[in-house]
Amino acid sequence: MDIIITEAAASYFQTIQPKKAVRVVARDTFECSTMIEFYLQLDDPIETEDTVVEEAGQQFIYNKKASDEIGSRVTIDYKPTQGLKMINPNQTLAYGLTLK
């Protein structure tokens, strides 16, 4: 999966202390209105199936579940008044995100 970071998101990620990797998460919610939840969290690569990539000076981690659910590409954007947003070529996956 390609992870594309906007300039605004890259600037936001530079302010994170301590410097940690950002995990791109897709998880089953088992709820009817939202079957899959997408979010970003500070983490370290620990799972055997983790893929680690670096984009705009920030390390990102994702696993097979995230790649399968998101697809071949995700763009991460940031607006100070709205938070982080995850977008794939088909739709906005999540918005108003803060790092967990």
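**Entry 1: salt bridges**

I began by writing down that a salt bridge is a side-chain nitrogen of Lys or Arg within 4 Å of a carboxyl oxygen of Asp or Glu. With that in hand I looked at Lys64, which forms a salt bridge with Asp68, the closest N and O atoms being 2.9 Å apart.

A note to myself on the model: it is predicted, so local features need pLDDT of at least 70 and side-chain atom pairs count only at pLDDT 80 or more, while totals for chains, interfaces and linings use all residues. Residues are numbered from 1 along each chain as its sequence is written, and side-chain values use heavy atoms, with hydrogens and water left out.

I also noted how helices and strands are named: they are DSSP runs (helices H or I, at least four residues; strands E, at least two), numbered from the N terminus. Lys64 and Asp68 both belong to helix α2 (residues 64–70), where they sit four residues apart, about one turn of the helix.

Is Lys64 buried or exposed? I needed the cut-offs here: buried means under 20% relative accessible area, exposed over 50%, and partly exposed in between (1.4 Å probe, protein chains only). Lys64 has a relative accessible area of 51%, so it is exposed.

How many salt bridges does the structure hold? I found nine. As a reminder, side chains of opposite charge can pair when their charged atoms come close.

I picked Arg23 next. Asp43 forms a salt bridge with Arg23, and their closest N and O atoms are 2.6 Å apart. This pair links distant parts of the chain, since Asp43 is in strand β3 and Arg23 in strand β2, 20 residues apart. Both Asp43 and Arg23 are buried.

Arg23 also forms a salt bridge with Asp50, with the closest N and O atoms 2.8 Å apart. Here too distant parts of the chain are linked: Asp50 lies in the loop between β3 and β4, 27 residues from Arg23. I checked the accessibility: Arg23 counts as buried because its relative accessibility is 5%, and Asp50 counts as buried at 14%.

**Entry 2: the open sheet**

Two strands pair if DSSP finds at least two bridges between them. In what order do the four strands of the open sheet come? I read β3-β2-β5-β4, with mixed pairing. β3 (36–43) and β4 (51–55) each have a single partner strand and stand at the edges, so one side of each is left without a neighbour in the sheet.

In the parallel sense, β2 (residues 21–28) pairs with β5 (residues 58–62) over two bridges. Arg23 turned up again here, standing opposite Ile61 in β5.

**Entry 3: helix α1**

Which residues of α1 (residues 7–14) are buried? I listed Ala9, Ala10 and Phe13. On the face turned away from that buried side I found the exposed residues Glu7 and Gln14. Contact means heavy atoms within 4.5 Å, and what covers the buried residues of α1 includes β1 (2–5), β2, β5, β6 (73–79) and β7 (83–87).

**Entry 4: two hairpins**

β6 and β7 form a hairpin with three residues between them, and they pair in the antiparallel sense over five bridges. In this pair Ile76 stands opposite Met86 in β7.

β7 and β8 (residues 92–97) form a hairpin with four residues between them, paired in the antiparallel sense over three bridges. Leu84 has Leu97 in β8 as its bridge partner.
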